[in-house]
Amino acid sequence: MAKQVVVIGGGIGGLTTAALLARRGYRVQLFEQAAQLGGCASTFQRRGFTFDVGATQVAGLEPGGIHAEIFAELEMPLPAATPCDPACAVYLPQETTPINVWRDRDRWQRERQRHFPRSERFWQGLEYLFAISWRFQQRQPILPPRNGFDLWQLVQTLRPDTLLTVPFSLMTVTDWMNFCGVGGDRRLRQFLDLQLKLYSQVDASETALLYAATALCLSQDPHGLYHLHGSMQVLSDLLANALQRDGGQIYTRHLVRHIEVERGRAVAVQVENLKTKTLQRVAADHIVANVPAQNLPQLLGDAIPPGYARRLKALPPASAAFVIYLGVKEAAIPEACPPHLQFLYDAQGPIGENNSLFVSVSQPADGRAPSGYRTLIASSFTEPNFWRQPDLDYAATKAQYTQTALDRLGEFFDLQPEHIVHCEAATPRTFWRYTARIDGIVGGISQRLSTFGPFGLATRTPIPHLWLVGDSVHPGEGTAGVSYGARALVQQLLANDA
Ligand SMILES: Cc1cc2nc3c(=O)[nH]c(=O)nc-3n(C[C@H](O)[C@H](O)[C@H](O)COP(=O)(O)OP(=O)(O)OC[C@H]3O[C@@H](n4cnc5c(N)ncnc54)[C@H](O)[C@@H]3O)c2cc1C
């Protein structure tokens with residue numbers, strides 16, 4: 001008889017795992033507490049606009065990319081998408097000419113040589129490491145290994161060139177800058193800090209070099225970042241369709257309150273139907289948690305092994321996001337505005353941890369706004385604990401952040417009041433409510449030397465038959481990142497049952 005799997009959470013990590021397992025004949029039940037699937041990569045509608053909640057750009061749609069491979073395995077069509085070129089236009093403080101991260105390799109090389117003279121050795125090194133890491137990742141390593149099977153899988157993916165990267169595994173991006181003689185290049189440092197914070201949660205001084213090589217080189221041909229037609233929701237919809245086609249069941253507005261462990265093994269979940277307020281016990285052969293690792297102690301209660309609890313408690317502090325969603329008239333957007341921009345500001349004021357904004361602008365006829373209008377979404381990183389303070393004047397603080405973001409965006413976009421049709425903001429409290437991520441934390445456990453790759457959290461938890469998927473596990477955040485994690489988990493789970 002087919003084995004039963006319960007998946008807690010319908011983010012991209014949970015949906016991908018569920019769809020792949022259903023394809024392999026498992027009986028899958030997926031419980032999602034929100035009214036819709038997708039988590040941080042979902043959408044919401046207001047006044048004719050469709051806003052992407054968090055993720056706005058997608059990696060891994062090119063041939064050989066992780067989404068492309070998974071959709072092929074699921075025999076689903078790839079969602080329609082346009083490569084972003086430039087992937088991002090980065091504006092440093094007081095500068096009016098952006099650093100354009102072009103998709104074409106030669107064009108990007110000329111751009112970076114113009115902006116960061118003498119840094120070519122630094123970039124060439126990154127490209128070299130990325131090429132090796134990419135080939136390694138294509139062989140489907142399991143990281144970090146937790147048992148004999150994982151280790152055997154990992155060993156099989158190693159090649160002589162993989163071993164060449166070992167000396168670099170203990171370097172941060174700053175170490176590499178210093179090694180290449182560009183440690184004193186302030187603009188390069190600012191650019192890298194900005195870009196890396198988006199992908200690894202931390203700046204150049206903390207980001208693991210091997211991770212950065214992938215994050216910084218993924219935007220170029222033949223890879224690239226893509227803008228999905230319609231909205232980010234199409235990714236979840238396609239995965240949900242595949243899951244249901246293969247017999248999987250999806251229950252939205254169902255919150256998993258507790259994971260039951262018996263004789264040291266995960267056996268069932270307690271699920272609350274949020275519509276009827278009724279509790280139900282669902283037994284399963286495997287339980288896959290698509291939640292931040294920091295949510296597990298609450299879900300497991302006393303059943304969490306003390307060593308694992310300590311490990312989770314010792315994780316570095318996570319980040320959260322403040323996001324402003326605007327529906328604007330076309331006139332607000334400068335001509336030929338790229339889909340993604342990043343701004344670093346000198347001015348002080350409440351706009352998050354590193355005084356920057358990452359901005360996504362919808363493109364004409366991309367399904368997000370009526371003709372003659374666009375969506376404009378800007379996000380910044382913020383401290384989750386700040387928003388938890390019991391004596392915080394939440395409404396006033398949110399309004400202050402919103403106004404600061406509008407003022408800053410107004411330096412580039414024409415945001416006179418008659419151009420703004422809709423404006424709303426999300427704080428960590430909002431993300432907590434809608435994605436159930438504890439404290440509203442986003443982006444995974446960061447990609448520091450102490451938390452990336454072999455030193456990160458595993459999909460295999462210390463509790464047999466309980467698995468973890470999502471941006472807490474290797475290789476980290478992003479829809480592509482969590483999909484790699486899902487594929488590795490499926491490999492391990494199948495081996496477990498073989
Ligand atoms: C502002 C912002 C911008 C981003 N931009 C990008 C980008 O441009 N490109 C990119 O690739 N990535 C981006 N990301 C990151 C990306 O969105 C995430 O890394 C990825 O979507 C996380 O997927 P996940 O499956 O790990 O988790 P989630 O998306 O958090 O999904 C988990 C799901 O589980 C549900 N859930 C949690 N607990 C329970 C429970 N107990 N019971 C039932 N259901 C539960 C939640 O409701 C949620 O739907 C961005 C993130 C943010 C916040």
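This report walks through a predicted model of a protein chain, from its domains to some of its helices, rings and loops.

Residues are numbered from 1 along each chain as its sequence is written, and side-chain values use heavy atoms, with hydrogens and water left out. Because the model is predicted, local features need pLDDT of at least 70 and side-chain atom pairs count only at pLDDT 80 or more, while totals for chains, interfaces and linings use all residues.

## Domains

Let us start with the overall layout. The domain assignment gives domain 1 (4-40 + 231-315 + 445-497), domain 2 (101-220) and domain 3 (319-438); such bounds come from an automatic or database domain assignment. The centres of domain 2 and domain 3, taken over C-alpha atoms, are separated by 29 Å. To the contact between them, domain 2 gives 6 residues and domain 3 gives 8 residues, where contact means heavy atoms within 4.5 Å.

The size of an interface is often given as the accessible area lost when the parts come together. Here, about 730 Å² is buried between domain 2 and domain 3, and carbon and sulfur atoms give 63% of that area. Buried area is the accessible area (1.4 Å probe) that two parts lose on being put together, summed over both. On the domain 2 side, Leu194, Lys197 and Leu198 lose the most area to domain 3, together 75% of what that side buries.

## Two helices

Helices (H or I, at least four residues) and strands (E, at least two) are DSSP runs, numbered from the N terminus. The expected span of a helix is 1.5 Å times one less than its number of residues.

Helix H1 (residues 12-23) has 12 residues and reaches 16 Å from its first C-alpha to its last, close to the expected 16 Å. How many of the 12 residues of H1 are buried? The count is 11, so H1 is largely enclosed by the rest of the structure. Buried means under 20% relative accessible area, exposed over 50%, and partly exposed in between (1.4 Å probe, protein chains only). Among the buried residues of H1 are Ile12, Gly13, Gly14 and Leu15. Their cover includes strand S1 (4-8), strand S2 (27-32), helix H2 (66-73), helix H10 (233-245), strand S14 (286-289) and helix H16 (479-497). After H1 comes Gly25, with a positive phi near 95°.

Helix H4 (residues 120-138) has 19 residues, which should span 27 Å, and its end C-alpha atoms are 27 Å apart, which agrees. Its buried residues include Phe122, Trp123, Phe130 and Trp134. Ser133 also lies in H4 and counts as buried at 17% relative accessibility. Not counting residues up to four places away in sequence, Ser133 touches Leu210 and Thr214. Just after H4, Gln140 takes a positive phi of about 60°.

## Rings and charges

Rings of Phe, Tyr and Trp (its six-membered ring) pair if their centres lie within 6.5 Å; planes under 30 degrees apart count as stacked, over 60 as edge-to-face and the rest as tilted. By this rule there are 26 aromatic pairs. In one of them, the rings of Phe49 and Tyr373 have centres 6.1 Å apart and planes at 80°, so the pair is edge-to-face. Phe49 lies in strand S4 (residues 49-52) and Tyr373 in strand S18 (residues 373-382), so the pair ties together parts that are 324 residues apart in sequence. Phe49 is buried at 1% relative accessibility, whereas Tyr373 is partly exposed at 30%. Phe386 and Trp387 form another edge-to-face pair, 5.4 Å centre to centre with 90° between the planes.

Phe49 and Tyr373 also belong to one aromatic cluster with Phe44, Phe51 and Tyr325.

A charge sits over a ring if NZ of Lys or CZ of Arg is within 6 Å of the ring centre and within 35 degrees of the ring normal. The charged end of Arg107 sits over the ring of Trp102, 3.5 Å from its centre, and Lys197 lies over the face of Phe381, at 4.8 Å from the ring centre.

## Backbone details in loops

Most residues other than glycine have a negative phi, and most peptide bonds are trans.

| Residues joined | Omega |
|---|---|
| Asp85 and Pro86 | about 10° |
| Asp221 and Pro222 | about 0° |

Pro86 lies in the loop between strand S6 (81-83) and strand S7 (89-91), and Pro222 in the loop between helix H9 (209-217) and strand S9 (225-228).

Arg47 has a positive phi near 45° and is exposed at 60% relative accessibility. Arg263 has a positive phi near 50° and is exposed, with a relative accessible area of 82%.
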